[in-house]
Amino acid sequence: MSNQQGASGSAAAGAATDEQPSPQQLLFAKSIMLTFELWPAMRLAVSEEWGGSDSADKRDFLLSHLCDQYGNPGSAFEPDLDDLADILEGYMIDEYEARLEDGSPDWVAGRIVGLHRVIFSPDNDIARAQQAVAELEKAFQELKGKKSNFEHGADQDAEVDSHDGHDHDEDQQMRDAQRMASSQGGIMEADRAGAQAALDQQARAPREPQQPIVDEDGFETVVSRRRRK
């Protein structure tokens, strides 16, 4: 082999190495996959094929999109919680015909934002990142074999509306939060980090709106622009 060929081979090998995902990127992808598995609506949408025979592919496309959009370190890549919740809710409507009014897109978005903070922390604490993903893995293993109480087409907002007004006191809000946490595998490190991220983001100037998701066929998933109080 000539020196030129050897140099070319080394350059190609170096380029291939540069394209390999980092340990943090792999953890982030795994964490989103597990988060989707713990999300009752997404889990049932896939298992019951609410989006047709390619329901699993649609879930995987969303996972890939989120990894491409946010799967890098730095605050510039940290998801905006409101925008991400809009994306999740809009995607479930457009791809699975599931209109979620139970607040779960907000919870899932907060968990993903928290996972980004933990996994891509400035101090590169890989042990903490691995522990956060291990919590998700443990909850997923415990979930196997259990049936979700989420129903396609059910009025998910009925229970929320019944608590509006004077009767919806702080104790009821706490019970609602505990119920949501239980349905998502419990409160984890990522959820606590996500709650802090929400406070930090509220204190910052609004970000530019998220662009629609464009799938492989060129179709757009348009997300709503509702904002949370």
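# Exercises on a helical chain

Glu 49 is found in the loop between α3 and α4. Helices (H or I, at least four residues) and strands (E, at least two) are DSSP runs, numbered from the N terminus. The model is predicted, so local features need pLDDT of at least 70 and side-chain atom pairs count only at pLDDT 80 or more, whereas totals for chains, interfaces and linings use all residues. Residues are numbered from 1 along each chain as its sequence is written, and side-chain values use heavy atoms, with hydrogens and water left out.

**Exercise 1. Loop residues**

*Solution.* Next comes accessibility: buried means under 20% relative accessible area, exposed over 50%, and partly exposed in between (1.4 Å probe, protein chains only). Now turn to Asn 124, which is found in the loop between α6 and α7.

**Exercise 2. The chain as a whole**

How many helices and strands does the chain have, and in what order do the elements run?

*Solution.* Count the elements to get ten helices and two strands. Then read from the N terminus on: α-α-α-α-α-α-α-α-α-α-β-β. To finish the overview, take burial and contacts. Of the 229 residues, 40% count as buried. Contact means heavy atoms within 4.5 Å. Among contacts between residues at least 6 apart in sequence, 79% join residues at least 24 apart.

**Exercise 3. The nonpolar core**

Which residues of the largest nonpolar core touch the most other members, and which helix gives the most to this core?

*Solution.* First, the rule: a nonpolar core is a set of buried Ala, Val, Leu, Ile, Met, Phe, Trp, Tyr and Cys residues joined through side-chain atoms within 4.5 Å. In soluble globular proteins, nonpolar side chains tend to be buried together. The largest core here has 47 residues, and Phe 36, Trp 39, Leu 66, Leu 88, Met 92 and Tyr 96 touch the most other members. Next, the helices. At least two core residues each come from α2 (23-38), α3 (40-47), α4 (55-70), α5 (81-96), α6 (104-119), α7 (126-143) and α10 (189-203). The most come from α5, with eight residues. Finally, look around Leu 88: leaving aside its neighbours within four places in sequence, Leu 88 is in contact with Phe 36, Trp 39, Leu 62, Leu 66, Pro 105, Val 108 and Ala 109.

**Exercise 4. An aromatic pair**

Are the rings of Phe 36 and Trp 39 stacked, edge-to-face or tilted?

*Solution.* Rings of Phe, Tyr and Trp (its six-membered ring) pair if their centres lie within 6.5 Å; planes under 30 degrees apart count as stacked, over 60 as edge-to-face and the rest as tilted. This rule gives a count of three aromatic pairs. For Phe 36 and Trp 39 the ring centres are 6.3 Å apart and the planes are at 40°, so the pair is tilted. Both residues are buried.

**Exercise 5. Two partners of α6**

How is α6 oriented relative to α7 and to α10?

*Solution.* Axes are lines fitted to C-alpha atoms, for helices over the stretch in contact, and angles run from 0 to 180 degrees between N-to-C directions. Angles under 35 degrees count as roughly parallel, over 145 as roughly antiparallel, 65 to 115 as roughly perpendicular and the rest as oblique.

- Take α7: its axis and that of α6 come within 8 Å and cross at roughly 150°, and α6 and α7 are therefore roughly antiparallel. The residues of this contact divide into seven nonpolar, no polar and two charged.
- Take α10: the axes of α6 and α10 come within 7 Å and cross at roughly 95°, and the two helices are therefore roughly perpendicular. This contact has seven nonpolar, five polar and five charged residues.

For these classes, Ala, Val, Leu, Ile, Met, Phe, Trp, Tyr, Cys and Pro count as nonpolar, Asp, Glu, Lys and Arg as charged, and the others, Gly among them, as polar.

**Exercise 6. His 116**

Is His 116 buried or exposed, and which residues does His 116 touch?

*Solution.* With 2% relative accessibility, His 116 counts as buried. Not counting residues up to four places away in sequence, His 116 touches Phe 28, Tyr 70, Asn 72, Gly 74, Phe 77, Glu 78, Pro 79 and Ser 121.
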